[in-house]
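Take a look at the model below. This report walks through its contacts, domains, helix packing and cores.

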Amino acid sequence: MKDREYNYWLSNINNIGPKKIDYLLDYYGSSEEVYKASDDSINEAIKLAMKEGIVRFSKKDADNIRDYKNPERIHMEYNVLLEKGIKFITKLDEEYPKKLRPLYNGPFSLYIKGKLPHIERKILAIVGTRNASAYGMELTKYFSQSLAASGVGIISGLARGIDTCAHKGALEVSGLTYGVLGCGIDICYPRENIDIYMEMQNHGAVISEYPPGEKPYASNFPMRNRIISGLSDGILVIEAKEKSGSLITVDMGLEQGKDIYAIPGRITDALSIGCNNLIKMGAKLVGSPDDILVELLTNYDNNHKSNDNSQLTKNMTEEEILVYESIALEPTNIEEIVRNTSIPISDLMEHLLKLELRDMIKQPYKNFYMKSNL
Amino acid sequence: MFSKAFSAAIHGIDGMIVTVEADVSDGLPVFDMVGFLGSEVKEARERVKIALKNSGFKIPAKRITVNLSPADIRKEGTAFDLPVAIAILGAFGHLPEESFKDILIIGELSLNGRINKVNGVLPIVYCAMQQGFKKCIIPMENSREGAVVEGIETYGVSTLVEVVKFLNDEETLEPLYIPREEMFKDISHKESMDFSDVTGQRAAKRAIEIAVAGMHNILMIGPPGSGKTMLAKRIPTIMPELSFDESMEISKIYSIAGMLDNQGLILRRPFRSPHHTITTTALVGGGRLPRPGEVSLADQGVLFLDELPEFQKNTIEVLRQPLEDRLVTISRLNGTYVYPANFMLVAAINPCNCGFYPDRNRCNCSINQVKRYLGKISQPLLDRFDICIEAIEINYRELAIKQKEENSEEIRNRVRIAREIQMNRYKDQSIYFNSQLIPRTIKAYCKLDKKDQDLLEEAFIKMNLSARAYHRILKVARTIADLDQSPQIKSKHISEAICYRSLDQKYFGTL
C-alpha cells in the first residue's frame, strides 16, 4: 500500500477522530507504522494515553483499528476517490491549509473538489440564517458581489438562504468562492443548489472533512463551521436570529482570533437581533463592502465612493420618482404603495412595470416590490 | 277498469312527464306496481293503500296494477304517491276520468292522507307548462315554487280528501300566482352586505372588479385576517342583477336539491363556500341518485374555496372540467345527467403554513415548506386563475381613518357596462365573456399596437412568462380596457394585467 492509502485508512477508522489520530501519529511516527503495529502494541499505546490522560480512548477502539485493516477494501475506496477527481489531503501533506493547522480539533483530512485558495488570498466567511428575508438575501448578494469583485474569496456553507446568496453573488462576478459541506463531498445538499455546487468547483472549491457517501447528518453541520471560520480571515454575519447556528461559526471564529463583522438591523426585527447583539459585544458594524475591504486589504483605496441617486432618477417622470421613492429596500406591498402615493391603481401598475423592466425595482414575492439598487 | 293520471319525474335539472296508469281487475287481491321503479317509488304501494283507507275510501278486494310510463326510465322520489292514489280512485270509479285528464299531479302521501312536500317542484311545473298542461296540483308547502311559472294554474293542496273534492267539483280552490316583477323589484335594495364595508384593500378590490367584469377566476393570497373572506362574500353584490332566465335556472337547481324553502325563486346570485373537508361528489354532484353539487348550486354566482391547499387534492382537481365546460355531466347506467355550473371561482390561500410569509418576523417557515404548501395546488388548476392578487393586513391607521369607500352599486354599474361591451363584441360567437376567449379568438379581439406589443415582449422575456401566462395577460388586459371603455388595449391596461398575472410557482420566494 502507498503512503496516502495508509493516511486514508487512518482518517476513516470508526470512532477515531482528529485528536486520537494525532496521538497515534505522535506515538508511532507515521500512519504506516500505526497500520503495521500489532494488536498488543496498539493496546499498550491506548493504555498509556488513558494513564497520562492525554486522550480518552474507548474500549472498542482497538477492535475498530484492527477490523479496518483490509488492504483490498482500502485500495478500492481510495481508487474511487481518484476516479471521481476528489483530492484527499491530510495534515501530513504540504498542501494542507496553513490556517487550519493551529485549530484545536482541526480535521485530520480534507476532501476537496476544486482548488484551495492561495495562502495570500484574503478570505471572508459570509454566514446567516437559512430563512432569510428578501432584504437579507439582496444584501448578501450585493456584499458578496462587491467583495468577490475586489478579489476577496467568499467562503460559506452551501446551505439555503444567506449561504446560497453569498456563493451566487461571488459566482455572478466570476469571483472565487468556497463551500464547506456537512456531508460527503460527492453529495450536494440541499439538492437545489446543484448549479452552485458544480460551478464552484471551477471558481474555488467544495470542501468536506467527511468521506464520500456520508449523509448530511444534523450533527455534522456545527462541526463544519469550524472549518468555515478557520479558513477565513473574517466573518460577516448578515441576518441571524437571537439563537442562530451562524453564531456557532462566530464563536469558533472568535476562538480562532478572526474579525467579526455584522450588519445592523432594526431592533424589532427578529432576524437582526443576532447581528445587533454581536455589535453590542464588539463586532464591527458594517455599512458597506468598503468597511470590510479597508480591513482586509491593506492597500485598499477608499475614495471612489459615489452612491448618487440623482443619476439614477434622471430620466424618470415626477410620478415615477414618487413611486420609486415610496418603495423601500424591503418588500413593500402594492397596497402600501397606493396608500403612500395616492396614485390610482391602474396608473401605478404602469409605473411599477416600467421600473421593473428597467431593473430599478424587483418583485421578490407576488405584488411585493423592493428597490434593486442598494 | 282502467284510468290514467299525469305526473313528472326529474331528469338532470328538467322535468319529464310520466303517465301513471292504474287498472282494476278480478283476481287475487294484489297491489302491483311496475315501470322501472326505485325502492321509494315501490313503497308508494303501502302509503297509498293506507292513506286511501284513512281518507275514508273503500278499496274492494281486487287485483290492482299500476304502471308508470315510459317504462324504460328509472323513477325516483316520492312525488308519485298522489298521482297513483288519484289513478286508483279513477279506476274504482270514485272520480270521473275526465276530471284529471289535463292536470299534472305531484305529492307525497302520509299515512293519514296528508300531502307532504317534494323536491323539484319548480322544474316539474315548468315542464308541465311547456308540455301544454293547463293545471297543476302540488303540495301546499311547495306552492310558491310552482306559482312563479306563468301560463299554468297551480293549486296548493294539503290533504287527499281536498284533492278529491276539488276534482269532483265539490270544492273550489284558488290558483296561486306570484307576479315576478314585484319579486324582482323588492330585492335590489335589500343587500345586507356592501363593498364599502371593507376598508382599504384598494388593489384587491380593483382586482375583484376586473375579475367580475370578465368572469375571470381569481386567487387571493394573504395572511389570516387580511379580509380575504370578507371581500369574497361581497363579490355577488357587484355582479349585475339576475335576469329572469338566470333566476329560473338557479331556482330549478335549488328546487331539485330541496333548498328552495318555498321562496318561489332564487333572486340573489348564490355565494357557495364549502368547507375544505367536502367530498368530490358533494362538490361536483353525483351519487347513486344524481344530485347537483356545490358547483351547480353556485351557478350564476360565486364558488368560494377558502384555504384552497387544505382541500383534498383529487377533490379540487375535478373542478377542472366544470371550469372548462361550464356544466357538469354525470353518467349513470340509466341515464346521463347534465347540471349547469356556470360559476366564478374565487379561492383564498395563505402564503405558507403559518400564514405570515414573507414577514420574516413572524414566519419561520423554510423556503421548502413554503413551496411545499403552495405545491399542493397543481399547476393546471393554478392556470385556471386569470387573476391573482396578494392582500395584506390592514393596519390600525387605515382602519381608524374614516374615508369614503365606494359602495357596491357604483362598482356594479361599471361592471355592467363592461359586460355589455363584451356581449356586443361576442354576439356572433357562442361566448359571453373575455375569460372564455381561446388563443385563436384572442388574436382576433386583443390586437395590440406595435409599441404595446414591444412592452409585452420585453416583460415576457424579463419575467420568463409561459405561453399560457401570455394569453391570460391578454384576456385580462381586454377586460381592463373594457372597464375603461376603450376599444383599443393600451399599455397601461397591459401593465395592470401583468401585475395580476397568476402565481408562478418557480418564482415564488426565490430571488
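## Where the chains touch

Two residues are in contact if their C-beta atoms, placed from the backbone, lie within 7 Å. By that rule, 29 residues of chain B are in contact with 28 residues of chain A. Helices and strands here are DSSP runs (H or I, at least four residues, for helices; E, at least two, for strands), numbered from the N terminus. Four elements of chain B give two or more residues to the side that touches chain A: α8 (202-214), β18 (387-390), α20 (450-462) and α22 (491-499). α22(B) gives the most, with 6 residues.

That side of chain B has 13 nonpolar, 8 polar and 8 charged residues. Ala, Val, Leu, Ile, Met, Phe, Trp, Tyr, Cys and Pro count as nonpolar; Asp, Glu, Lys and Arg count as charged; the others, Gly among them, count as polar.

## How to read the model

This is a predicted model: local features need pLDDT of at least 70, side-chain atom pairs count only at pLDDT 80 or more, and totals for chains, interfaces and linings use all residues. Residues are numbered from 1 along each chain as its sequence is written, while chains are lettered from A and ligands numbered from 1 in the order in which they are written.

## Two domains in chain B

Chain B is divided into domain 1 (2-167) and domain 2 (195-419). The bounds come from an automatic or database domain assignment. The C-alpha centres of the two domains lie 41 Å apart. Their contact takes 17 residues from domain 1 and 18 residues from domain 2 of chain B. On the domain 1 side, β1 (2-11), α4 (121-130) and α5 (143-147) of chain B each supply at least two residues.

## A helix crossing

In chain B, the axes of α18 (residues 408-425) and α21 (residues 467-483) come within 8 Å and cross at roughly 115°. Axes are lines fitted to C-alpha atoms, for helices over the stretch in contact, and angles run from 0 to 180 degrees between N-to-C directions. α18(B) brings B:Arg414, B:Ala418, B:Ile421 and B:Gln422 to the contact, and α21(B) brings B:Thr479, B:Asp482 and B:Leu483. These residues divide into 3 nonpolar, 2 polar and 2 charged.

## The nonpolar core

A nonpolar core is a set of buried Ala, Val, Leu, Ile, Met, Phe, Trp, Tyr and Cys residues joined through C-beta atoms within 7 Å. Buried means that 20 or more other C-beta atoms lie within 10 Å of a residue's own. The largest nonpolar core has 165 residues, and B:Ala477 is one of those with the most contacts inside it.

Definitions and conventions: Buried ≥ 20, exposed ≤ 12 C-beta atoms within 10 Å, placed from the backbone.
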